[in-house]
Amino acid sequence: MLETVGSEVCGTDVHLFHGRLSGVPYPIIPGHVVCGRLAESQAAIRDVEGRPIADGTLVTFYDVFGTCGACWHCLVARAATRCPHRRVYGITTSAEEGLLGGWAERVELKPGVRVVPLPDGVEPLDFLGGGCGLPTGFHAIERANVALGDTVVVQGSGPVGLNAAIFAQLSGAARVLVVGAPRARLEAARRNGTDEVCDIGEIPDAAARVRFVRERTGGRGADVVIEASGNPAAIPEGLEMLRDAGRYVVVGQYTDSGDVTINPHRHVNRKHADIRGCWGYEFSHLHRALAMMGKHRERFRWRDLVTREYALEEAGQALADMEALRVVKAVIRP
Ligand SMILES: [Zn+2]
Ligand SMILES: [Zn+2]
């Protein structure tokens, strides 16, 4: 098991609190991204290289288990994040099954759960500052096939958007623009290398935001646009910001927030657009994102994304602060 050092609070937890996700076996222990010390291991726990991980080591783990490796999704479509047997700590695990969420002093590690030691120099708050946005943003950028010299627009300045902006730079984007709010999150984007930000508080008109992007891209639009906002209205707006034959990745619509109208001729067919969804993340994304954090932790200040730490009794306050966007990243310290 794991002695919890900290667990993130993210937008998903706010959705869970309001019952906006289907198929959740309430009551649950929230907290799907966790950092802690390995304790009381019954059998040898090994990393992907086969090296044993000793009790007391600071680790995290891939929060997904039960992916079967035997179904149509796993084997034929090779889309393991859509495996129907896939379970996620703190989201699809009931409190009645045990300590399967990070907002607890201890977390049970189910058989088959992949444990990852934190890289040298990466401390729990660095990792939790990235949170689930770290592998999710990484996955979105992988889906976007960012090329050296691309201009990338990120819609949304929450943890997923901020991490996507970081990984866009590491993938060789020449310019990264973030469209979002509030101010504190845009300042975090700027501190982490984003070239320009578009504050939707200051530019509330969607057409004006599209002009903002086009004026900076020779009138053509961006090579890549990443939607990480959660607002369905961002989709037609993002497609207007995309250049012809550009790539658009939708990663922010984690819950069903309703329908939106797009123009299939202008937004998709004539534009020759490449539109891709991005659901969850695989172990590979967590593993490689952590390696990148280990290497680039001086350049990008993931730790500073943690606005506030909360005791377990303050979980309600943490959720309220996250919902009101008073914090960029909140961490529960049981
Ligand atoms: Zn499967
Ligand atoms: Zn999360």
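Predicted model: local features only at pLDDT ≥ 70, side-chain atom pairs only at ≥ 80, totals over all residues.
The pairing of helices H7 and H8 is considered to begin with. Helix H7 spans residues 206-215 and helix H8 spans residues 234-241; their axes come within 9 Å and cross at roughly 30°. Angles under 35 degrees count as roughly parallel, and H7 and H8 are therefore roughly parallel to each other. The crossing in which H7 passes H8 is right-handed. On the H7 side, the contact is made by Ala206, Arg209, Val210, Val213 and Arg214, which meet Glu237, Glu240 and Met241 of H8. Of the residues in this contact, four are nonpolar and four are charged, while none is polar.

Helix H11, residues 315-323, has a set of buried residues, namely Ala315, Ala318, Leu319, Asp321 and Met322. These residues lie on the same side of H11, because the arc they cover around the axis is only 165°. An α-helix has 3.6 residues a turn, so residues three or four places apart point the same way. Just after H11, the backbone at leucine 325 adopts a positive phi of about 60°.

Glycine 246 is part of strand S12, which covers residues 242-250. Its relative accessibility is 0%, and glycine 246 therefore counts as buried, the cut-off being under 20% relative accessible area. Leaving aside residues up to four places away in sequence, glycine 246 touches Asp223, His272, Ala273 and Asp274. Arginine 308 stands 62 residues from glycine 246 along the chain, and the C-alpha atoms of these two residues are separated by 38 Å.

Two cis peptide bonds are described here. One joins tyrosine 26 to proline 27, with omega near 0°; proline 27 is located in the loop between H1 and strand S2 (34-38). Another joins alanine 181 to proline 182, with omega near -10°; proline 182 is in the loop between strand S9 (175-180) and H6.

Positive phi values also occur in loops. Glutamate 40, although not a glycine, has a positive phi of about 50°. This glutamate 40 belongs to the loop between S2 and strand S3 (58-61) and is partly exposed, at a relative accessible area of 47%. Arginine 78, likewise a residue other than glycine, has a positive phi near 50°. Arginine 78 sits in the loop between helix H2 (72-75) and strand S5 (87-88). With a relative accessible area of 70%, arginine 78 is exposed.

Note on methods
Residues numbered from 1 in each chain as written. Chains lettered and ligands numbered in written order. Heavy atoms only, no water. Axes fitted to C-alpha atoms, helices over the stretch in contact; angles between N-to-C directions. Helix = DSSP H or I, 4+ residues; strand = E, 2+ residues; numbered from the N terminus. Parallel < 35°, antiparallel > 145°, perpendicular 65-115°, else oblique. Left-handed = near helix turned anticlockwise from the far one by under 90°. Contact = heavy atoms within 4.5 Å. Nonpolar A, V, L, I, M, F, W, Y, C, P; charged D, E, K, R; others polar. Buried < 20%, exposed > 50% of the residue type's maximum accessible area, 1.4 Å probe, protein only. Arc of directions from axis to C-beta.
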